[in-house]
Amino acid sequence: MGNNKIWQGNSTFILAAAGSAVGLGNIWKFPYMVGSNGGSAFVIIYLICIFAIGFPVMVSEILIGKYVRKSPINSLKKLSEEFKLNTNWKFLGILGALAGVTILSYYSVFAGMAFSYVFKIFPQSLENPSQYSSDYFLYLSSSPLNLVFWHTIFLFFTSIIVGLGVVRGIGRSVNVLMPFLFFFIILVSIYSSYIGDLEKTISFLFNPDFSVITPQIVISAMGQAFFSLSVGMGAIMAYGAYMPEKQMIGKTVLVIILLDTFVALAAGIAIFPIVFSNSSLQISAGPGLIFETLPVAFYSLPLGSIFSCIFFILITIAALSSSISLLEPFTAWIEETGKMNRISIVFFLSILIWILGLGSIFSFNIWSELKLFGLTFLGLLDYLTNNIMLPLGGFFVTVLIGWVLPKEFLKEHLKLTETFFYWFYLTLRFIAPSSIILIFLYSAF
Ligand code: PHE
């Protein structure tokens with residue numbers, strides 16, 4: 001079906017999808033969520049969600065995109081026409097595209113902050129680097145002007161790349177950038193384990209105490225699994241449209257999921273040892289965790305400022321390869337109407353996203369006391385998108401692929417072995433949708 005934008009070779013799709021998945025969700029969010037939600041019990045629930053829910057959702061999304069080869073909204077529309085289904089399935093795509101731009105509005109604020117650290121050099125011979133680092137983060141986040149500046153720059157980069165067309169832009173850049181990212185995250189985790197408290201970190205990450213689990217923690221772990229894998233909103237579905245025809249979906253998804261999980265755990269190992277060995281740093285510091293800890297680790301390193309600069313460049317790149325995929329579904333959809341060119345679409349969307357982002361910026365400072373359901377504007381957007389919109393999107397994707405479309409269609413297009421298909425189908429039809437519903441109910445009552 002009508003799309004000539006296909007990536008060459010298997011690795012580009014893997015790197016682009018891994019580029020979308022690996023981002024602030026792994027390096028910034030995962031460690032602070034683990035830190036504020038009781039450690040390893042959270043990690044275990046998260047891992048179960050990744051494999052039992054994230055896997056079938058990602059396979060289903062790629063399958064739809066690859067089969068129809070259009071933007072998520074039109075792929076769902078065409079699919080329902082072909083199989084004579086209810087036309088409302090396209091709303092699943094619309095919900096996703098909206099979730100994408102909403103997430104991007106605050107994603108860009110944090111990515112901008114990370115980018116600003118590229119230029120931050122710690123003064124020499126500080127008496128208390130951890131204190132200095134916490135104070136600096138406070139200074140940065142309490143100034144709306146500073147944050148607006150970096151938010152604008154990051155969003156500008158994102159729009160340029162999406163505006164120029166993702167296929168050549170992303171395809172080429174992920175091939176160069178992702179290997180660097182993997183290399184650096186490994187290097188930093190080895191370094192922190194060496195200078196920090198590794199023993200305490202391992203027990204914090206892998207020695208579960210299930211008594212700390214609350215319904216809130218379970219829903220956050222599920223939300224984080226969706227967010228980290230970029231599933232539930234069509235980003236991966238949009239990329240599915242560019243996947244080479246011969247590439248196998250099942251194996252590819254497994255590789256992407258393993259890479260994503262690996263980077264999240266490595267980020268934990270890069271950050272926690274430093275927190276545990278510094279009494280002025282708090283494990284439950286929340287969103288500021290990475291900004292307050294990593295610079296401290298780099299500070300004590302020979303050539304630390306260069307190291308820190310490179311690392312924050314890589315975080316920015318990881319964020320950029322994700323933010324592009326947040327903007328792509330909406331952009332591709334409007335582009336298909338043929339009424340506007342890509343550049344103008346991206347320009348208008350970015351202005352909307354930029355304005356929405358101001359709300360998140362003010363949540364750090366002038367609106368920090370403004371609460372709705374006990375949450376700031378930023379907290380509310382984060383909760384709505386990750387804990388409600390993405391899981392809901394994922395739920396409907398599994399219903400569509402697992403219950404509405406014929407089994408034969410799946411068998412033909414997935415080409416899995418008998419045993420693997422059996423397990424996959426079981427997870428897709430029963431385990432994933434029922435777990436999402438149960439977690440929703442559990443957290444609501
Ligand atoms: N997965 C990305 C991250 O971990 C965020 C993202 C979510 C990107 C949803 C696309 C879609 O940072």
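F30 and Y46 are both buried, where buried means under 20% relative accessible area, exposed over 50% and partly exposed in between (1.4 Å probe, protein chains only). The model is predicted, so local features are given at pLDDT of at least 70 and side-chain atom pairs at pLDDT 80 or more, while totals for chains, interfaces and linings use all residues. Residues are numbered from 1 along each chain as its sequence is written, and side-chain values use heavy atoms, with hydrogens and water left out.

The whole structure contains 41 aromatic pairs. Rings of Phe, Tyr and Trp (its six-membered ring) count as a pair if their centres lie within 6.5 Å; planes under 30 degrees apart are stacked, over 60 edge-to-face, and the rest tilted. F30 and Y46 form a tilted pair, with 5.0 Å centre to centre and 45° between the planes. Because F30 lies in helix α2 (residues 24-36) and Y46 in helix α3 (residues 40-68), this pair ties together parts that are 16 residues apart in sequence. Helices (H or I, at least four residues) and strands (E, at least two) are DSSP runs, numbered from the N terminus.

Y107 and F227 also form a tilted pair, as their ring centres are 6.1 Å apart and their planes are at 55°. Y107 belongs to helix α5 (residues 90-118) and F227 to helix α10 (residues 215-229), so the parts tied together are 120 residues apart in sequence. Y107 is buried, with a relative accessible area of 4%, and F227 is buried at 9%.

The charged end of K29 sits over the ring of F227, 4.8 Å from its centre, and K120 lies over the face of Y136 at 4.3 Å from the ring centre.

The count of salt bridges comes to 4, a salt bridge being a side-chain nitrogen of Lys or Arg within 4 Å of a carboxyl oxygen of Asp or Glu. K29 forms a salt bridge with D382, the closest N and O atoms being 2.8 Å apart. This pair links helix α2 with helix α16 (residues 377-404), 353 residues apart, and both D382 and K29 are buried. In the salt bridge between E245 and R69, the closest N and O atoms are 2.9 Å apart. E245 is exposed, with a relative accessible area of 57%, whereas R69 is buried at 5%. R342 and E335 form a salt bridge with closest N and O atoms 3.1 Å apart, and a network of salt bridges links E328, E335 and R342.

Overall, the chain has 18 helices and 0 strands. Its radius of gyration, taken over C-alpha atoms, is 21 Å, close to the 22 Å that the globule rule gives for 445 residues, so the chain is as compact as a globular protein of that length; the rule is 2.2 Å times the number of residues to the power 0.38. Of the 445 residues, 60% count as buried.

Note on methods
A charge sits over a ring if NZ of Lys or CZ of Arg is within 6 Å of the ring centre and within 35 degrees of the ring normal.
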